[in-house]
Amino acid sequence: MAVTAADIYRDLGVRPFINANGNVTALGGSLMPPEVVAAMSQASRAFAKLGDLHLAAGRRIAEMIGVEAAHVSCGACNGCTLAIAACLTGDNLELTHRLPDTSGLKNEVICYRHAPSPNYLYQGIEMIGGKLVKVGAADKLTVRDFEQAIGPNTAAIFYVISQYEAAMIAAGADGATIPAVAKIAKRVGVPLVVDAAAELPPTSNLRRFLDEGADLVIFSGGKAIRGPQPTALILGRANLVKASALNHNPNSAIGRGSKVGKEEIVGLVKAVELYMNRDEQAEMAGFRRMCERIAGQLEGLPGVQVAVEITGHRRFRPASVPKCILKIDKHSFGFGPDELHERLIAGEPSIIAGLADDTIFV
């Protein structure tokens, strides 16, 4: 009898589930297309120098996307860490060997004060010797907040789209948009690093934030691109991408421990190729049809309001993808969204949907 994907996990005592939440790291990212799996399998049957493979893969990916340079990191969080390391050391090998010792270097990284805490992205910056300079108010984030924080020791500005967007929008005309922050960063010669891990689709975002003035942008390889989960793309200025690579495996540097294997590198190249060549309009229409089918089954249930919308809620990226949104009235329905969420998980088959505040997202 053939062994199924679910059987692999059950054999380990792990319960498989239907993913109605999206491409979330803790839920295993995404599912790789057969072509990606096949490329990884072939790559596992031969040797390649890892440094040479990184350079070749970076060139191919940059060509396919249409950006200046690219490097494959071990997930988007590691990509952000390497990008900030690049801003601290440049392409000076002596400095890459020194991290996390940043004595005598510009080491301040400006970021939003009210991003979620604890924050693994901020921890990654501190781990390599960066000093966080936190700005902004709880309800808004303005361009002036960043501008006033720039000083003689500023090494970079770090901008996390999913964590900063709501506060930026709340600031209105003064909001810290990427183009506005990039303008002041360029004026003083400070690199702007943007975490756009879950900001795909649309495909145009791969170039958009760079076109808006960012110097380095990081995208997850294991979410919408559907590459291997432990991969990501660092895209942007050639000198800073090179510096990111110098701080990464296989070099003796702060990123040595965050290795990306030859199989994962090759798999991500194939995944980017497929992603760039797909029919995005048809894909989005398919997402909407799925949501509308689910909504159609739920309409009319007492205590349930259902709609198919595009929402940019921080916990459910990307903002551009349609979602089926359920508002549950506990008194009319019998129990609230939290209990519904738990019942779906406990059911057979197990279903994990998104849950935020009083809303369930599919």
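The expected span of a helix is 1.5 Å times one less than its number of residues. In this predicted model, helix H12 (residues 262-277) has 16 residues and extends 23 Å from its first C-alpha to its last, close to the expected 22 Å.

- The buried residues of H12 are Glu263, Ile265, Gly267, Leu268, Val269, Ala271, Val272 and Tyr275.
- Among the elements that cover these buried residues are the helices H2 (34-43), H3 (50-65), H10 (205-211) and H13 (280-298).
- Strands E2 (69-73) and E8 (232-236) are also included in that cover.

**Nonpolar cores**

- The largest nonpolar core comprises 85 residues, and Phe146, Phe158, Tyr159, Tyr164 and Leu192 have the most contacts inside it.
- Helix H4 gives the most to this core, with 9 residues.
- Apart from this core lies another, of 14 residues, including Cys324, Ile328, Leu340 and Ala353.
- Not counting residues up to four places away in sequence, Tyr164 touches Cys111, Tyr112, Ala115, Tyr122, Leu141, Phe146, Phe158 and Tyr159.

**Second largest pocket**

- The volume of the second largest pocket is about 920 Å³.
- Its lining has 38 residues, of which Val24, Thr25, Tyr120, Ala198 and Lys223 are the closest to the pocket centre.
- Two or more lining residues come from each of helix H4 (75-89), helix H6 (120-127), helix H8 (161-170) and strand E11 (351-356).
- Strand E11 supplies the largest share of this lining, 4 residues.
- By residue class, the lining of this pocket has 18 nonpolar, 14 polar and 6 charged residues.

Methods. Residues are numbered from 1 along each chain as its sequence is written. This is a predicted model: local features need pLDDT of at least 70, side-chain atom pairs count only at pLDDT 80 or more; totals for chains, interfaces and linings use all residues. Side-chain values use heavy atoms; hydrogens and water are left out. On a 1 Å grid over the protein atoms alone, a cavity is a set of points where a 1.4 Å probe fits but cannot get out, and a pocket is an open set with protein on both sides within 12 Å along at least five of seven lines; lining residues have an atom within 4 Å of a point. Grid points are joined across faces, edges and corners, and a volume is the space filled by probe spheres set on the points. Ala, Val, Leu, Ile, Met, Phe, Trp, Tyr, Cys and Pro count as nonpolar, Asp, Glu, Lys and Arg as charged, and the others, Gly among them, as polar. A nonpolar core is a set of buried Ala, Val, Leu, Ile, Met, Phe, Trp, Tyr and Cys residues joined through side-chain atoms within 4.5 Å. Buried means under 20% relative accessible area, exposed over 50%, partly exposed in between (1.4 Å probe, protein chains only). Contact means heavy atoms within 4.5 Å.
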